Each structure stands twice: as structure tokens, then as C-alpha cells.
Amino acid sequence: MTAPLTEPQALVPGLLELQDVSVVMGGRALVDGVSLQVAPGEVVGLAGPNGAGKSTLLRTVYRTLRPTSGRVLLDGGDVWAMPGKRLARRLAAVLQESAGDFELSVYDVVAMGRTPHKRAFAGDDADDRAVIAAALARLDVAPLAQVPFDRLSGGEKQRVLIARALAQRTGTMVLDEPTNHLDLRHQLDVLRLVRELGVTAVVALHDLNLAAAFCDRVCVMRAGRVVALGSPAEVLTTGLLAEVYRVDAEVTEHPRTGVPHITLLTGTAQPPDRP
């Protein structure tokens with residue numbers, strides 16, 4: 001991903017606020033009273049074990065799952081009250097599920113990111129084509145532009161979907177496990193890209209070392225609730241890892257980067273007894 005990104009205009013990062021958001025399904029609270037404010041240009045990592053509610057919470061932000069209670073605000077406006085096209089101009093998402101295999105070329109999938117910026121049935125103009133080409137190059141998928149999307153590997157598909165979100169040209173992004181299926185190089189490249197764009201971002205990550213390296217703050221969830229929120233150094237402690245993940249780990253400051261580095265140790269730590 002060495003090609004420069006041609007940007008017609010600077011992205012304007014938004015203020016994202018989740019106010020006491022809950023999602024109840026089948027009598028069970030999948031998300032329970034989560035409040036979180038993400039400042040313009042801030043990257044917040046969403047962490048926690050499987051079933052913690054991370055993906056469910058992100059779906060409420062991108063309007064694929066309406067909260068049972070609470071509000072999701074973008075620059076003070078309720079996202080659930082915004083016209084869909086207006087929201088899509090301001091917020092992009094890369095979700096775990098890709099809505100199936102598209103019967104489209106890679107170029108056409110990335111071009112879908114331009115839809116919110118055009119009139120119905122309008123074709124791509126020169127500006128659209130420049131943005132699409134830049135997104136393809138930035139995610140290292142330009143050589144695949146004419147390949148059918150459904151013939152790609154899992155990692156290639158993931159990069160194409162991130163390129164589509166990049167082509168959408170929004171100042172706020174939510175990404176649910178964007179490094180899934182990616183090799184080590186592309187994991188780093190994708191998270192570097194999020195930081196370089198200067199957008200407001202909420203990124204669900206299982207790899208806590210990546211969260212420590214690229215996120216301003218980390219929000220740790222368990223059983224639908226926020227159990228810790230702060231800088232990586234404040235949150236990623238041996239005690240929290242034992243409590244939330246039930247693992248024995250050593251947390252040290254990396255000698256070259258200065259960020260917390262987690263090393264898993266042999267054996268499994270049990271959480272402390274609860275009254």
C-alpha cells in the first residue's frame with residue numbers, strides 16, 4: 001500500500017456519542033446501558049471476549065439494529081432520525097458480514113461507496129473515478145479491479161470492503177474486526193490507514209496488541225457492559241486480562257514503541273471469586 005491517496009477535500013471527523021444504549025433480544029440484554037463518547041479524530045478500540053456485545057453495539061451505530069433504549073448521536077443528531085443517504089455521507093462501516101458474495105467486479109464493489117454522493121442512476125464522473133482508483137490502490141487491490149468479487153480469498157474480500165468504505169469519503173467510520181482474514185502486513189496497513197485518515201473511528205479488535213499500538217483509547221466490554229475504558233496503558237493490565245479474558249498474561253512496555261505489549265503465558269487464570 002504505497003500509492004498516495006488523492007483526496008479532493010479534507011475529511012471532517014465527527015463527534016460520535018452513544019448514550020445509555022441497550023439492545024434486548026429474546027429477553028436477554030446483548031448490550032446493557034453502554035455510554036461512550038468518541039471525539040473528532042479519535043480512534044477507539046472495542047475489545048472483549050466473544051459474545052461481549054461488540055458487534056451488536058456497532059450495528060446500532062450503523063443502523064442495522066435499532067437500540068431497545070438509548071441514543072446514538074453523530075455531531076448531535078440522532079442517527080436513527082437521519083435520512084439514510086445523509087448518514088451514509090457522514091458515516092461508513094465495515095462489518096463482519098459482507099451481505100453475501102456480490103456478482104460484481106472488485107471495481108464495481110468499491111464504486112458502491114460513491115452512491116451516497118450521487119443522484120439516482122447517475123454514472124461515475126471523473127472525481128468518482130479518481131476516488132475509486134485511489135481507494136483500490138490504497139488497499140492494494142488495484143490489480144484485482146476487474147476480478148469478480150466472489151472469486152477472491154477472504155483477505156482480499158476484506159480489503160475490497162475496506163476500500164469501498166474508503167471510497168465513501170466520510171469523516172466517521174466503524175469497523176468490526178477489519179483485520180480478520182488479513183495477513184500481518186495488511187493488518188498493519190489497514191490500521192495505519194485509519195490513523196492516517198484522521199477520521200473518528202470505532203474499531204472492534206480481538207488482537208489487543210494491535211489495539212494498544214493503534215488506538216487512542218480502548219473500551220473493554222463483557223456481557224454487554226463496559227468494564228474498562230481508558231488509554232491502552234490504563235486498561236490493558238494483567239488483572240483485567242485475568243478478569244475479563246480468563247488468561248494469564250504478562251504486560252510490558254515495548255522497548256521500541258513504548259506501548260503496552262501483551263504476552264500470553266501457559267495456563268489459564270480464573271477470575272476472582274465474586275460475592
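Asp 20 is placed in strand E1, which covers residues 16-25. In this predicted model, Asp 20 has a positive phi of about 50 degrees, although the residue is not a glycine. Most residues other than glycine have a negative phi. Asp 75 is located in the loop between strand E4 (69-74) and strand E5 (77-78). With a relative accessibility of 46%, Asp 75 counts as partly exposed.

Six strands form an open sheet in the order E6-E7-E8-E3-E9-E10, and their pairing is mixed. Its edges are formed by strand E6 (91-94) and strand E10 (225-230), each of which pairs on one side only. From one strand to the next, the twist averages 15 degrees. Within the sheet, strand E3 (residues 43-47) and strand E8 (residues 200-204) run parallel and are joined by four bridges. Val 44 stands opposite Val 202 of E8.

Helices pack against this sheet. Helix H1 (residues 54-61) lies across E3, E6, strand E7 (172-176), E8 and strand E9 (217-222). The direction of H1 is at about 150 degrees to E7. Helix H5 (residues 154-167) also packs on the sheet, where it touches E6 and E7. The direction of H5 makes about 175 degrees with that of E6.

H5 packs with helix H4 (residues 126-138) as well, at an angle of about 145 degrees and with the two axes 9 Å apart. The crossing of H4 past H5 is right-handed. On the H4 side, the contact involves Val 131, Ala 135 and Arg 138, which meet Ala 163, Leu 166 and Ala 167 in H5. Of the residues in this contact, five are nonpolar, none is polar and one is charged.

The loop between E7 and helix H6 (184-197) contains Thr 179. Thr 179 counts as buried because its relative accessibility is 9%, and the limit for a buried residue is under 20%. When neighbours within four places in sequence are left aside, Thr 179 is in contact with Gln 158, Gln 187, Leu 191, Leu 205 and Leu 210.

Note on methods
Residues numbered from 1 in each chain as written. Predicted model: local features only at pLDDT ≥ 70, side-chain atom pairs only at ≥ 80, totals over all residues. Heavy atoms only, no water. Pairing = 2+ DSSP bridges. Helix = DSSP H or I, 4+ residues; strand = E, 2+ residues; numbered from the N terminus. Axes fitted to C-alpha atoms, helices over the stretch in contact; angles between N-to-C directions. Contact = heavy atoms within 4.5 Å. Buried < 20%, exposed > 50% of the residue type's maximum accessible area, 1.4 Å probe, protein only. Left-handed = near helix turned anticlockwise from the far one by under 90°. Nonpolar A, V, L, I, M, F, W, Y, C, P; charged D, E, K, R; others polar.
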